[in-house]
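Please walk me through this protein model. I would like to follow a few local features one at a time.

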Amino acid sequence: MFDKILIANRGEIALRIHRACHEMGIQTVAVHSTADAAAMHVRLADESVCIGPPPARESYLNVPAILSAATIAGADAIHPGYGFLSENARFAEAVEAHGFTFIGPTPQHISMMGDKIVAKQTALELGLPLVPGSPGPVDSVEEVIALGEKIGWPVLIKAVAGGGGRGMKVVNQADQAAEAFSLARAEAKAAFGNDAVYVEKYLGRPRHIEIQVLGDMHGNAVHLGERDCSLQRRHQKVLEEAPSPALNAAQRSRIGELAAAAVRKLGYRGAGTMEFLFQDGEFYFIEMNTRLQVEHPITEAITGIDLVREQIRVASGAPLGFTQKDIVFAGHAIECRINAEHPETFVPCPGRVTEYHPPGGLGVRVDSGLYTGYSMPPFYDSMVAKLIVSGTSRNECLMRLRRSLEEFAIGGIDTTISLHQRIIRQQAFIDGDYDIHWLEKLVGLKK
Ligand code: MV4
């Protein structure tokens, strides 16, 4: 097992990884930019190394600086968290080439799933259901039109190197194809440096269901159930829950087993998430994320499994500590992502936290790097806390969520706490009756 892990991230996820390490008796090395010198993950880590100025490309994305920090500190392994370099195959390769263990999948699997065409081809071979569409990239408007006529309008043009919704264009009929095709390619080029695009049948009112999977180096793989991530705005998840209120037991075990079998065949190592769209009782694989996800705590709440601990154990070569039949799903969990943003305009609002009082009590977890007096820098993502409530039923979670949001005090900066209070009052949410467009209809798209 590792003696010392460098955490190549910041904020709440850096703290989360630190906690798992310390519970395992593993020393931690925090890295930080000059803007994060007073951050909680730096304060709690056993050691810390400043890796550069505030801009992420000069600090948290600065591979030489991170590797130098690991060398100076004598770390055995590096945990990338999520975002930043967590799905960068070249970083994973560099980590291993410099003698450290990368806590995550192999570089091969990272790059495989980073190419959405290869990911879909792999998913097809692994027996996962796909959205009908082009088998590979499309190189002309004529191809887009031919596919639209074949699979039915509307279709969706997506970036091959994409993810997270950037560069997607809906085409409702043939005479819109030319403009959508060139716009999608231009956006893909600008966002990912790769203008390749592909086409899928556009699903108009799906839910976003993702399956947590975990594989070790000995050919074992399990699924840890699903998360419903349909409540999103501009491709940013706002609230997630597990299990999904839209699935019945048969659908749940069918897609879970399919995902677990797929990662077993793949020989996948580490934690991963398979993203599906779910519409009219059917699942459609769209992509796989080869990292720990922001919303992992709701899976931890209903399974009792510490996902970061399992990532570390698996990376050290240990076999999974359980088989599929050992995993028991109990209760329900809901996570609210709390952002330092105006709750109506969503304008980011960094600044000094004059008061921080998180909720507590049975079934209440808060993952946050905030503290009273902390100055939140303007350079990074605006998420400042995750409120995770769990309980024996979804109704108990709703009551607990309502009480926790009332109790959550954050002074000095705007937050989206009141947005969550508004969401959980809506009858459609209470009924679990929402799709990926529901929240944007409630709060609007404008920033
Ligand atoms: C889709 C889709 C509808 N039809 N694919 C958005 C980002 C990436 N995860 C895939 N996404 C979508 N792919 C087809 N064929 C709708 C979306 C989508 C979406 C998916 C999940 C969660 C939120 C979303 C918001 C807008 C669009």
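In which helix is threonine 303 found? This is a predicted model, and it places threonine 303 in helix 10, which spans residues 296–303. Is the residue buried or exposed? Threonine 303 has a relative accessible area of 14%. Buried means under 20%, so threonine 303 is buried.

Next come its neighbours. Leaving aside residues up to four places away in sequence, threonine 303 touches Leu224, Ile327, Val328 and Phe329. Its side chain also reaches the backbone nitrogen of isoleucine 305, at 3.2 Å. Histidine 235 is 68 residues apart from threonine 303 along the chain, and their C-alpha atoms are separated by 27 Å.

Now turn to a helix pair. Helix 4 (residues 89–97) packs with helix 5 (residues 107–114) at an angle of about 175°. Their axes are 8 Å apart. The two helices are therefore roughly antiparallel. Helix 4 contributes Ala89, Ala92 and Glu93 to the contact, and helix 5 contributes Pro107, Ile110 and Ser111. Of these residues, four are nonpolar, one is polar and one is charged.

The backbone deserves a look too. One runs from tryptophan 153 to proline 154, with omega near -5°. Proline 154 sits in the loop between helix 7 and strand 6. The other runs from alanine 242 to proline 243, with omega near -10°. Proline 243 sits in the loop between strand 11 and helix 9.

Finally, phi. Phenylalanine 84 has a positive phi, near 40°, and lies in the loop between strand 4 and helix 4. Arginine 234 has a positive phi of about 50°, and its loop joins strand 10 and strand 11.

How values were computed
Residues numbered from 1 in each chain as written. Predicted model: local features only at pLDDT ≥ 70, side-chain atom pairs only at ≥ 80, totals over all residues. Heavy atoms only, no water. Axes fitted to C-alpha atoms, helices over the stretch in contact; angles between N-to-C directions. Helix = DSSP H or I, 4+ residues; strand = E, 2+ residues; numbered from the N terminus. Parallel < 35°, antiparallel > 145°, perpendicular 65-115°, else oblique. Contact = heavy atoms within 4.5 Å. Nonpolar A, V, L, I, M, F, W, Y, C, P; charged D, E, K, R; others polar. Buried < 20%, exposed > 50% of the residue type's maximum accessible area, 1.4 Å probe, protein only. Polar contact = N/O pair within 3.5 Å; in protein donor to acceptor, adjacent residues only side chain to side chain.
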